[in-house]
Amino acid sequence: MDPGEGDFEAFVAARGPRLLRVAWLLTGDAHLAEDLLQTTLAKVWPKWPRIAGDRPEAYVRKALVHLHASWWRRRWRGELPYGELPDTAGAVDAYADVDLEQSLAAAVRALPVRQRAVVVLRYFEDLSVEDTAATLGCSPGTVKSQSARALRSLRAALPASVADGERCG
């Protein structure tokens, strides 16, 4: 066993669930999120002795976001048309919160990859503008402008009650 192997295993055990959540928010699919995290961890493992002491979670998160962006660029995202619109929900919907979460997840996944990364890191991971900029390798101004564009797109894509901050159901 390598000297850093135990440290790496401890890191994955401690931070893996949070990194998996980031991967899921980026991909929107549990299986793709697991693949993304697994591939990212496989790529950073050989570099572990070098990165272990200097904010390893930030390094792994950055690698995760960059790997997702490269996967996203290679994937076909064609739309499939449907002949009928889905039925509308009744007046009282016991699953309104689930519907809201699904709508939000779909709206986030519809954002361009850079805006999606900014939204996930800023609002779901609660990173500062500076930390988000460092993770994405851009300026804080870029993070702010991408964030503003993303929020504008999300407001347009979500129901008015959600965009205005009201709870559904």
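## Arg 61, tucked inside

Let's start with Arg 61, which sits in helix α4. This is a predicted model, and in it Arg 61 is buried, with a relative accessible area of 7%. The cut-off for buried is under 20%.

So what does Arg 61 touch, leaving out residues up to four places away in sequence? Its partners are Leu 19, Leu 121, Glu 125, Leu 127 and Thr 135. Thr 135 belongs to α7 and is itself buried.

## The overall build

Zooming out, the protein chain has nine helices and zero strands. Reading from the N terminus, the order is simply α-α-α-α-α-α-α-α-α.

The chain has 169 residues, and 36% of them count as buried. If you take the contacts with a separation of 6 or more, 64% are between residues 24 or more positions apart.

As a rule, nonpolar side chains in soluble globular proteins tend to be buried together. Here the largest nonpolar core has 28 residues, and those touching the most other members are Leu 41, Val 44, Val 60, Leu 64, Val 65, Leu 136 and Val 143. Two or more residues each come from α1 (5–27), α2 (30–44), α3 (48–51), α4 (56–74), α6 (113–124) and α7 (129–136). Helix α1 gives the most, with seven residues.

## Around α7

Which residues of α7 are buried? They are Val 129, Thr 132, Ala 133, Thr 135 and Leu 136. Looking down the axis of α7, these buried residues fall within an arc of 160 degrees, so they line one face of the helix. An α-helix has 3.6 residues a turn, so residues three or four places apart point the same way.

In the loop between α6 and α7 you'll find Asp 126, which has a positive phi of about 60 degrees although it is not a glycine. Asp 126 counts as exposed, at 65% relative accessibility. After α7 comes Gly 137, and its phi is positive as well, near 70 degrees.

## How α8 packs

Two packed helices are described by the angle between their axes and the distance between the axes. Helix α8 (residues 140–157) packs with α7 at an angle of about 100 degrees, the axes being 8 Å apart. The two helices are therefore roughly perpendicular to each other. From α7, Val 129, Thr 132 and Ala 133 make the contact, and from α8 it's Pro 140, Val 143 and Lys 144. By type, that contact divides into four nonpolar residues, one polar and one charged.

What about α6 and α8: at what angle do their axes cross? The answer is roughly 95 degrees, with the axes coming within 9 Å. That makes α6 and α8 roughly perpendicular to each other. On the α6 side, the contact is made by Arg 114, Gln 115, Val 118, Val 119, Arg 122 and Tyr 123. On the α8 side, the residues are Val 143, Gln 146, Ser 147, Arg 149, Ala 150, Leu 151, Ser 153 and Leu 154. The contact of α6 with α8 divides into seven nonpolar, four polar and three charged residues. Val 143 of α8 takes part in the contact with α7 and in the one with α6.

How values were computed
Residues numbered from 1 in each chain as written. Predicted model: local features only at pLDDT ≥ 70, side-chain atom pairs only at ≥ 80, totals over all residues. Heavy atoms only, no water. Core = buried A, V, L, I, M, F, W, Y, C linked by side-chain atoms within 4.5 Å. Buried < 20%, exposed > 50% of the residue type's maximum accessible area, 1.4 Å probe, protein only. Helix = DSSP H or I, 4+ residues; strand = E, 2+ residues; numbered from the N terminus. Axes fitted to C-alpha atoms, helices over the stretch in contact; angles between N-to-C directions. Parallel < 35°, antiparallel > 145°, perpendicular 65-115°, else oblique. Contact = heavy atoms within 4.5 Å. Nonpolar A, V, L, I, M, F, W, Y, C, P; charged D, E, K, R; others polar. Arc of directions from axis to C-beta.
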